[in-house]
Amino acid sequence: VISEAAEALSVDAYVIGGFVRDHILERGEPKDIDIVAIGSGIELAKKVSELLPDKPKVQVFKNFGTAMLRSEDHEIEFVGARMESYRSDSRKPIVEDGSLEDDQNRRDFTINALALKLNKDGFGDLLDPFNGYDDLKQRIIRTPLDPDITYSDDPLRMYRAIRFASQLNFMIEAESLKAIKRNKDRIKIISKERILDELNKILLSDKPSKGLALLFKTGLLKKILPELTALQGIDEKDGQKHKDNFWHTLEVVDNISENTNDLWLRWAALLHDIGKAPTKKFHKKIGWTFHGHEFVGAKMVFKLFKRLRLPLNDKMKFVQKMVLLSSRPIAIVDDNVTDSAVRRLVFDAGDHIEDLMILCEADITTKNPKRFKKYHS
Ligand code: ATP
C-alpha cells in the first residue's frame, strides 16, 4: 500500500531503520515501521490512509514534519528525508529537508541506516551506504560518521549503542567504544527519563550483564548508578577477603533473567546488595561484615528511585521489599535456623513469596546451587 501511495504522489519512499535491521536479523515481525519520503512524509501518510481499507486516523506532528498511523498491529511513522545539525548544549538538532543520503547520515549506527526502496521501480533494493549489512552479519555496532561527532552531537547514542549490543548480542567496534569513554561526560545533557528507557531495555535483554558491564567499563554506569559501582572491588585484611559484590550482582541479574521477564524483579536483583558498600566493616574476630545492609539498602532504593524519577509507587515498594527480605533466606540456610524464622519470612513476604524465591534462587545459585535446593524444600 505504501508503494502504491508513493507511486500515486510520485515520491520516492523507503522503509528504514529498525524494521530493516530486525527483518534481516529475522527477529520476528517488528511492530514499528519507519518510512522516509523524499518529499512530504505527512502527505504520504495521508495517501496511505486513503488507500487502506480501514482508513486509519493519521496523527500529524506538524512541528516535526512527521505523521503516524496505526494499521493492524503496526505503528507506521512517516517523515520527509532530512538533514540535521547540532548545537553543543542540546541533543535537539536543527533540521532541514534533505536527500535519502542526508537522512542516512543522521542515523546513529550503520545497522540502523539501512533502507529498502518501496517504489515499483527498484522495489526491495537495499540502500546501504555504510556497509551496515556486513556489520549486521558480523554483529558489529559502528557509527556511520566519526564516532566522536556522533556521540557528542547526541550523547543518548552512547546508551543506545550499549543497549543494542546487549539486546542483539553485538560487539561495539573498538573506535566507537573508545569514543564513548571519551564522551561520557556529555551524557549530562540527556534527561534521566531517556537514559532510564535505555537502561530498562538493557535490563530486559536476555543477558543484561553484557550491557551493564559495558556501561561499567565505559564509565557511564557511575554517572547514573554510583551506588552500584561502589560495590566493585575486593578488600583484603589479615588475609581475609570478601567477594566482589558488583560482579556478583551482575551474575545474579543474569540468573534471574533466565527465570523472569519482570522488569521490577530484575531491578530488585540489580539493587539487592546496594546496602553493602556503606555498611562494610572489618572485625578482627569475624572478618568482613555487612551488618544491617538490607535495611540500609531498602532506604537507598527509595532515594535512588526518587533521584532517577522512577515511579515512587508500588513498583518501588516491591523492589524495596525484595531488597529488604532477600538476604534472609540466605541467612536461614547459613545458620540452619528454626522453622519459626522460616515462617516469619513467609509471612513478611506475603503475596510476593514466589518473587522472593526467584530472586533468592538467582542469588544463592551464584554461590552454591545445592544450598538453594535445601532452602527451597
Ligand atoms: P527499537 O524499536 O528496538 O528501539 P529502533 O532502531 O526501531 O529499535 P527507534 O528508537 O524506534 O529504534 O528508532 C528508529 C530509527 O531512528 C533507528 O533505527 C535509527 O535509524 C533512528 N534513530 C533513533 N534514535 C536515534 C538517535 N538518537 N540518533 C540517530 N538516529 C536515531
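A polar contact is a pair of N or O atoms within 3.5 Å. This is a predicted model; local features need pLDDT of at least 70, side-chain atom pairs count only at pLDDT 80 or more, and totals for chains, interfaces and linings use all residues. Residues are numbered from 1 along each chain as its sequence is written, and side-chain values use heavy atoms, without hydrogens and water.

Q: How far is an oxygen atom of the ligand from an N or O atom in the side chain of Arg160?
A: Asn112 reaches a ligand oxygen with a backbone N or O atom, at 2.8 Å. Arg163 uses a polar side-chain atom, 3.1 Å from an oxygen of the ligand. For the side chain of Arg160, the distance from an N or O atom to a ligand oxygen is 3.0 Å.

Q: What percentage of the ligand's accessible area does the protein cover?
A: On its own, the ligand has 580 Å² of accessible area (Shrake-Rupley method, 1.4 Å probe). The part of this area that the protein covers is 76%.

Q: Is Arg21 buried or exposed?
A: Arg21 sits in helix H2. Its contacts (heavy atoms within 4.5 Å) beyond four places in sequence are Arg27, Ile111, Asn112, Leu136, Phe164 and Leu168. Buried means under 20% relative accessible area, exposed over 50%, and partly exposed in between. Arg21 has 8%, so it is buried.

Q: How many helices and strands does the secondary structure of the chain come to?
A: The C-alpha trace spans about 80 × 45 × 35 Å along its principal axes. Of the 377 residues in the chain, 50% are buried. Among contacts with a separation of 6 or more, 63% join residues 24 or more positions apart. The secondary structure comes to 21 helices and 15 strands.

Q: Which residues in the largest nonpolar core touch the most other members?
A: A nonpolar core is a set of buried Ala, Val, Leu, Ile, Met, Phe, Trp, Tyr and Cys residues joined through side-chain atoms within 4.5 Å. The largest one has 94 residues. Those touching the most other members are Ile35, Leu44, Leu225, Trp267, Leu271, Phe305 and Val319.

Q: Which residues does Val319 touch, not counting those up to four places away in sequence?
A: Val319 belongs to the largest nonpolar core. Residues up to four places away in sequence are left out. That leaves Trp264, Trp267, Ala268, Leu271, Val301 and Phe305.

Q: How many residues are in another core that lies apart?
A: Tyr14, Ile16, Ala81 and Leu100 are among its members. This core lies apart from the largest one, and its residue count is seven.

Q: How far apart in space are Leu228 and Leu271, C-alpha to C-alpha?
A: Leu228 is in helix H12 (residues 226-229) and is buried, at 1% relative accessibility. Beyond four places in sequence, Leu228 contacts Leu221, Phe246, Thr249, Leu270 and Ile274. Leu228 and Leu271 are 43 residues apart in sequence, yet their C-alpha distance is 7.3 Å.

Q: What relative accessible area does Leu215 have?
A: Leu215 lies in helix H10 (residues 208-218). Apart from residues up to four places away, it touches Tyr159, Ile162, Leu199, Ile202, Leu220 and Leu221. The C-alpha atoms of Leu215 and Leu199, 16 residues apart along the chain, are 9.5 Å from each other. Leu215 counts as buried because its relative accessible area is 0%.

Q: What is the phi of Asn131?
A: Most residues other than glycine have a negative phi. Asn131 lies in the loop between strand S9 (126-127) and helix H5 (132-138). It is partly exposed, with a relative accessible area of 46%. Asn131 is not a glycine, yet its phi is positive, at about 55°.

Q: Where is Asn169 found?
A: Asn169 is a residue other than glycine with a positive phi, near 55°. Its place is the loop between H7 and strand S11 (171-172).

How values were computed. A polar contact is a pair of N or O atoms within 3.5 Å; within protein, one must be able to donate a hydrogen and the other to accept it, and residues adjacent in sequence count only if both atoms are side-chain atoms. Buried means under 20% relative accessible area, exposed over 50%, partly exposed in between (1.4 Å probe, protein chains only). Helices (H or I, at least four residues) and strands (E, at least two) are DSSP runs, numbered from the N terminus.
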